[in-house]
Amino acid sequence: GPLIWPSLRWAYLLSSGSCQGNSIERKIYIPLNKTAPCVRLLNATHQIGCQSSISGDTGVIHVVEKEEDLNWVLADGPHPPYMILLDGNLFNRRVMLQLKGTSRVSGLAVAIAKPSPPQGFSPGLKCPNDGFGVYSKDYGPQFAHCNSTVWNPVGSGLSYEDFDFPIFLLEDANETQVIKQCYQDHNVPHDGSGPEYPLCAMQLFSHMHAVTSTVTCMRRSSIQSTFSLNPEVVCDPLLDYNVWSTLQPINSSGKVDPEKEVIIVATRIDSHSFFWNVAPGAESAVSSFVTHLAAAEALHKVSDVHLLQRNIMFTFFQGETFDYIGSSRMVYDMEKDKFPLRLDNIHSFVELNQVALRNGSVLWMHTDPVSRKNESIQMQVKNLLEILSNSSVGAKVTLQEVGYSQPLPPSSFQRFLRARHIPGVVLADHHTFFQNRYYQSMYDTPENIRMEYPEGLSPEETLEYVTETAKSLAEVATVVARALYQLAGGANNTSAIQADPKTVSRMLYGFLIKMNNSWFQSIIKPDIKVILGDVPQHYVAVSSPVNTTYLVQYVLANLTGTVVNLTKEECLNPEKTPNTEKEMYEYAWVQGSQDPNSTSRVPYCVRSTVHLSKALSPAFELRQWGSTEYSTWTESRWKEIRARIFLVASKELEIITLVVGIAILIFSLLATYFINAKADVLFSIPRDPGAVAY
């Protein structure tokens, strides 16, 4: 058990104000407030992630900064089980599997490596979303399971392992230092022998309610919901919303004319890492959807877009990291006539994949070699590639085609190809394997895509500062916008179509560095301003819409919509207002910029074609929890997530304390019994001396 130890000077390194009050608990424990847990996720067949026991797991802290330090934990140390403070550079598959195979480890706290590990770190799979793309034993079997191209060679698969002890990420360097100081003061071995008690210990709480698989947990939740008045749900499907809009407005509640052709531009907006809700996704998601948003803005500025013979649909998919949740749902809705478009309306498909880490100026055009065996598809794909290549002439981006022998990289386009042959291209900065050495990891940060700012800038100056990365992505957006204009039938010169590097800079800052900035504040509704946290994360989660979805929705509306002269009441109730064409447009009453002369804002009404559509896997709609066709990922529920450190006494002292405590209890019981039995003697009232008779 914990021991109160007056000399804990290091306790106050965390904060002088956090330990006020006379609570005994505060004097014993130091809470670790800036941590991120590894939680349990489940699919049709497996459980992955981590958990603690129901009452939390405790162990003596041992700092591991080099591999030799592991010997103490795994063999030599006399005080198991150990809680390991692991240097981020050692957080790899080889070390983790050693720790997984021993009972001498009760948990792990991982310190972020700074700078990022130079060899790369990706806890994702070598073949992301394997089995849920288009390639299988029936379609391009030579490409199935990444047989010809391993897309993520540094992928360790660590995120897809199951650990029976808790693992937490320490996000604050100060808290990491507090733990190290406690270790230095109490736990450092002396000349190979164990340290003296009291020892510094850590306790991690992250007990998960769901077990085994999605099939098991959803069945349990379903039974509970059927027969219990207070059902205890143990897991929830990963879900959110896709964001989509069109260049020319369409009736969102009706159906697009079968003859009308639509070009789909797509990208994903979610990412993932080993730790819950730590998903910066700079290269894996943000670089592509920011480029996509910039291209949408550039196209909407073109004067003759309403005359184009083909419409363009800008689509942002959620949950793609987890076996294509968003794209598979949209395809399902199109097939079931639950979406304004049908698959027959799709003329072609252009997807932006990872685009920020180009070698020189080259951007690669990936196509599907199997569907191109069809002569009609081949002609359309060649035309698509030619238009894209021509659009890059004079730009600082060179588009090159990938050879016939290579399949598509992991992409949303694959889910559409599963449904029907569609001419399409996936644009990426990699020819074969990913350029991104930190795919699906906590190190896929602004630094990974070389975002650099001069020192000493204020937050407002940083928001407006145009980085080289922003200029580079704006070039890609320009090329894409010009190609889409031509593809849609535009006949005018495209040189005027230009993406704005300033807009790209603002988006990169907002989506990667600080969500709570003046631009984002001005473009969202007043009632959702609470979503603007500090550090942006792009995990799909189970409660929706998540911050990323909201912000992509409102940024897209801001960049492509129109400010209309409506009052607040008219804007919030457009169906009651004449000439608003409610079925064609969405209306939003947004906060507006701050008035320079006061603290109040100047709100206004934005009309746009931006819509949300459900991004919940069809497996849950169909109650096919063991599906191999659709994503089945769920997230376990939990009661509490917390971490704390304290000093622990030796077992001998604990036993002595217990024995002495029992002895005092027995003595007090005997004393109480004796006093009670002799109460009439001990507490008799003396006679009044004045009452004596003479």
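Reply: **The sulfur links and what lies around them**

Cys 571 is buried, at a relative accessible area of 2%; buried means under 20%, exposed over 50% and partly exposed in between, using a 1.4 Å probe and protein chains only. What you are looking at is a predicted model, in which local features need pLDDT of at least 70 and side-chain atom pairs count only at pLDDT 80 or more, while totals for chains, interfaces and linings use all residues. Residues are numbered from 1 along each chain as its sequence is written, and side-chain values use heavy atoms, with hydrogens and water left out.

The partner of Cys 571 is Cys 605, and the two form a disulfide with an S to S distance of 2.1 Å; a disulfide here is a pair of cysteine sulfur atoms within 2.5 Å. Cys 605 is buried too, with a relative accessible area of 1%. The torsion about the S-S bond of Cys 571 and Cys 605 is about 80°, so this disulfide is right-handed. It links distant parts of the chain: Cys 571 belongs to helix α15 (residues 568–572) and Cys 605 to strand β21 (residues 604–608), 34 residues apart. Helices (H or I, at least four residues) and strands (E, at least two) are DSSP runs, numbered from the N terminus.

That link is one of five disulfides found in a search of the whole structure. With the bonded cysteines counted along the chain, the pattern is 1-2, 3-4, 5-6, 7-8, 9-10. Another of these links joins Cys 38 to Cys 50, S to S 2.0 Å, and with 90° about the S-S bond the link of Cys 38 and Cys 50 is right-handed. Cys 38 sits in the loop between β2 (35–37) and β3 (41–42) while Cys 50 is in strand β4 (residues 47–50), so the pair ties together parts that are 12 residues apart in sequence. Both Cys 38 and Cys 50 are buried.

Then there is the link from Cys 217 to Cys 235, S to S 2.0 Å. With 80° about the S-S bond, the link of Cys 217 and Cys 235 is right-handed. Cys 217 is in helix α5 (residues 214–227) and Cys 235 in strand β11 (residues 235–237), and the pair links distant parts of the chain, 18 residues apart. Cys 217 and Cys 235 are both buried.

Now for the packing. In soluble globular proteins, nonpolar side chains tend to be buried together. A nonpolar core, as used here, is a set of buried Ala, Val, Leu, Ile, Met, Phe, Trp, Tyr and Cys residues joined through side-chain atoms within 4.5 Å. The largest such core has 82 residues, of which Phe 289, Leu 427, Leu 508 and Phe 511 touch the most other members. Helix α11 gives the most to this core, with 12 residues. Leaving aside residues up to four places away in sequence, Phe 289 touches several residues, including Phe 316, Phe 511, His 538 and Val 552, where a contact means heavy atoms within 4.5 Å. Apart from this core lies another, of 38 residues, and Cys 50 is among them, as are Val 60, Tyr 82 and Phe 121. That brings us back to a sulfur link, the one between Cys 38 and Cys 50.

Rings of Phe, Tyr and Trp (its six-membered ring) pair if their centres lie within 6.5 Å; planes under 30 degrees apart count as stacked, over 60 as edge-to-face and the rest as tilted. By this rule there are 26 aromatic pairs. One of them, Phe 349 with Phe 413, is stacked, at 5.0 Å centre to centre and 20° between the planes. Phe 349 lies in strand β15 (residues 346–352) and Phe 413 in helix α9 (residues 413–419), so the pair ties together parts that are 64 residues apart in sequence. Phe 349 counts as buried at 0% relative accessibility, and Phe 413 is buried at 1%. Phe 121, met above in the core of 38 residues, also belongs to an aromatic cluster with Phe 91, Phe 163, Phe 165, Phe 274, Phe 275, Tyr 438 and Tyr 443.

Finally, step back to the chain as a whole: buried residues make up 55% of its 694 residues, and its secondary structure comes to 18 helices and 24 strands.
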